[in-house]
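Here are my notes on the structure, as numbered points. Please read them with the model open.

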Amino acid sequence: MEKHRVIPKGILWPFILLTSLFFAWAVPNNLTDTMLAAFKRIMSLSDTKTAWIQVACYLIGYGCFAIPGALFIKRFSYKSGVMLGLGLYASGAFLFYPAMLIANQNIGIGFFMFLFAIIVLFAGLSVLETSTNSYVYAIGPEETATRRLNFAQSFNPFGAITGVVISQVFVLSQLSTLGPAERRALSAEELAKIQGAELNAVTTTYLAVGFVMVTILLMIFVTRMPHLKEDDKRLDFAGTFRRLIKNRNYVWGVVAQFFYVGAQIAVWSFIIRYVMQQLNFDGVVAALGTGATADQIIYALRNVEPVAAGFYNLVDKIGLDPLLPRTPEQAGATYYIMSLVLFVAGRFICTWLMRFFRPRVMLTALGLLAALLCIIAIYGSGFAGVYALMGVSGCMSLMFPTIYGLGITGLGEDTKIGGAGMVMAIAGAAVLTQIQGIVSDQAGSIKLAYWVPAFAFLVVAFYGILVGVKKKTNFT
């Protein structure tokens with residue numbers, strides 16, 4: 001592997017632009033994860049109904065548009081696919097504005113309009129990921145493709161952190177601390193005023209993200225990108241599907257990706273709820289009384305747990321006051337940020353360790369460790385459970401690009417459609433998150449719902465074992 005360049009000569013700027021997209025699509029992914037907590041507070045939703053946001057994101061947005069995106073790429077080029085994805089991404093962000101206007105008139109219909117905007121946005125992410133993952137994989141030698149993809153994906157968690165920070169500063173900090181019972185006691189006019197201000201914070205944030213995506217789209221449009229496209233534009237979808245379905249390595253790769261992405265989003269979607277319950281942030285704020293000032297709330301929430309207290313002391317010293325906790329949701333999101341820091345560190349460390357260990361071995365080991373940490377989060381209490389759940393993020397760092405790279409290895413002319421199948425597997429996020437929300441509501445505890453990702457990580461570990469078996473049997 002060391003004989004081949006990870007990044008081929010002469011394409012540094014195009015590669016930087018492509019790598020920026022891994023950052024770009026992580027922003028709404030993780031921004032939308034925190035929207036579960038925001039919409040739950042704004043509209044007093046149950047966990048089951050809140051999880052419909054993830055159904056819109058991953059089952060409909062990702063699940064339904066990856067194959068059309070792959071066919072579009074096959075007909076035109078990778079660059080065209082990237083631009084289409086960015087265009088849909090920006091359009092979905094801009095649709096938040098009419099959704100807000102409708103919600104100001106009817107909050108119930110407005111919720112479904114927000115879901116529609118999310119579907120369009122995530123359709124763009126689906127096309128964008130289908131294009132960019134395969135583009136980066138194909139842009140250089142296949143011998144270094146998995147490492148190259150892991151390197152590009154290393155910038156994805158920076159976007160994830162950015163998404164959570166944006167949500168903390170511009171959305172979660174703007175939420176009223178009134179709970180469902182207190183909101184029901186308000187007059188219709190008072191409640192509409194509070195909800196209008198909260199939804200305006202959500203909408204303004206997405207509009208800003210949309211304008212940034214338009215800027216990136218224009219930069220890619222004017223850049224001379226590596227011209228990778230097929231001369232033969234005939235679409236033999238049936239033949240491609242028959243070849244892929246017979247490839248056990250690919251099929252199990254898609255299954256593993258389905259469960260991995262489902263586990264990732266399940267872990268992150270409810271981490272704010274989990275931490276709020278484990279550390280009783282709502283109770284901490286309620287104990288201060290209805291007349292508590294912002295400074296009193298910040299002081300109480302920042303000193304609940306020592307690791308977060310250290311984080312708050314750091315951001316206080318460097319002047320990042322907007323990250324100080326003003327609501328229970330914002331305090332919970334702090335642990336999301338720290339989890340993503342572990343995810344970032346793990347991605348770079350794992351990419352380096354792949355020089356010495358086979359990717360499949362690392363995938364198996366970290367899958368097993370993630371499952372164990374989920375079990376600790378289920379049965380641990382207080383700080384122990386929170387720390388274990390944060391540790392899961394470090395284990396997840398290498399999983400998506402490694403499964404993707406191992407799964408599409410050797411597909412040749414079927415790589416585009418095969419890559420689309422891998423992106424469609426992201427629909428697992430909708431399925432597993434919905435199951436997790438139902439378990440949480442039925443059990444009355446978000447803790448027990450973490451059995452869902454625990455099982456999923458065991459499937460990921462099993463795939464790592466099967467890839468090893470490939471060397472000894474006719475796995476493909």
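1. Start with the cysteines. The closest cysteine sulfur to that of Cys-350 belongs to Cys-395, and at 8.7 Å it is too far for a bond. A disulfide needs the two sulfur atoms within 2.5 Å. This is a predicted model. Searching the whole structure gives zero disulfides.

2. Are Cys-350 and Cys-374 buried or exposed? Cys-350 counts as buried, at 7% relative accessibility. Cys-374 is buried as well, at 0%.

3. Next, helix α1 and helix α10. α1 covers residues 12-43 and α10 covers residues 188-222. Their axes lie 11 Å apart, at an angle of about 170 degrees. The pair is therefore roughly antiparallel, because an angle over 145 degrees counts as such. On the α1 side, the contact includes Trp-13, Leu-17, Leu-21, Phe-39 and Met-43. On the α10 side, it includes Gln-195, Glu-198, Tyr-206, Met-213 and Ile-220. By class, the residues of this contact are 18 nonpolar, three polar and one charged.

4. Helix α12 (residues 248-269) packs on helix α22 (residues 428-443) in another way. What are the angle and the distance between the axes of α12 and α22? The angle is about 50 degrees, and the axes are 7 Å apart. α12 and α22 are therefore oblique to each other. Their crossing is right-handed. From α12, the residues that meet α22 include Phe-258, Phe-259, Gly-262, Ala-266 and Ser-269. α22 contributes Gly-428, Ala-429, Val-431, Leu-432, Thr-433 and Gln-436. This contact has 10 nonpolar residues, five polar residues and no charged ones.

5. Look at Gly-332 in helix α17, which spans residues 328-353. Gly-332 counts as buried, with 0% relative accessibility. Beyond its neighbours within four places in sequence, Gly-332 is in contact with Ile-272, Val-275 and Phe-281. Gln-168 is 164 residues from Gly-332 in sequence, yet their C-alpha atoms are 9.7 Å apart.

6. Helix α15 runs over residues 294-302. Which residues of α15 are buried? They are Ile-297, Ile-298, Ala-300, Leu-301 and Arg-302. Note that Arg-302 is on this list. The buried residues of α15 pack against α14 (281-286), α16 (306-317) and α17.

7. Check the backbone at Asn-280. Its phi is near 55 degrees, a positive value in a residue other than glycine. Where is Asn-280 found? Asn-280 sits in the loop between α13 (271-278) and α14. Its relative accessible area is 45%, so Asn-280 is partly exposed.

8. Last, Ser-126. Ser-126 belongs to helix α6, residues 107-138. Ser-126 is buried, with a relative accessible area of 0%. Leaving out neighbours within four places in sequence, its contacts are Gly-61, Tyr-62, Phe-65, Ala-66 and Val-423.

Notes
Residues are numbered from 1 along each chain as its sequence is written. This is a predicted model: local features need pLDDT of at least 70, side-chain atom pairs count only at pLDDT 80 or more; totals for chains, interfaces and linings use all residues. Side-chain values use heavy atoms; hydrogens and water are left out. Buried means under 20% relative accessible area, exposed over 50%, partly exposed in between (1.4 Å probe, protein chains only). Helices (H or I, at least four residues) and strands (E, at least two) are DSSP runs, numbered from the N terminus. Contact means heavy atoms within 4.5 Å. Axes are lines fitted to C-alpha atoms, for helices over the stretch in contact, and angles run from 0 to 180 degrees between N-to-C directions. Angles under 35 degrees count as roughly parallel, over 145 as roughly antiparallel, 65 to 115 as roughly perpendicular and the rest as oblique. A crossing is left-handed if the near helix is turned anticlockwise from the far one by less than a right angle, and right-handed if clockwise. Ala, Val, Leu, Ile, Met, Phe, Trp, Tyr, Cys and Pro count as nonpolar, Asp, Glu, Lys and Arg as charged, and the others, Gly among them, as polar.
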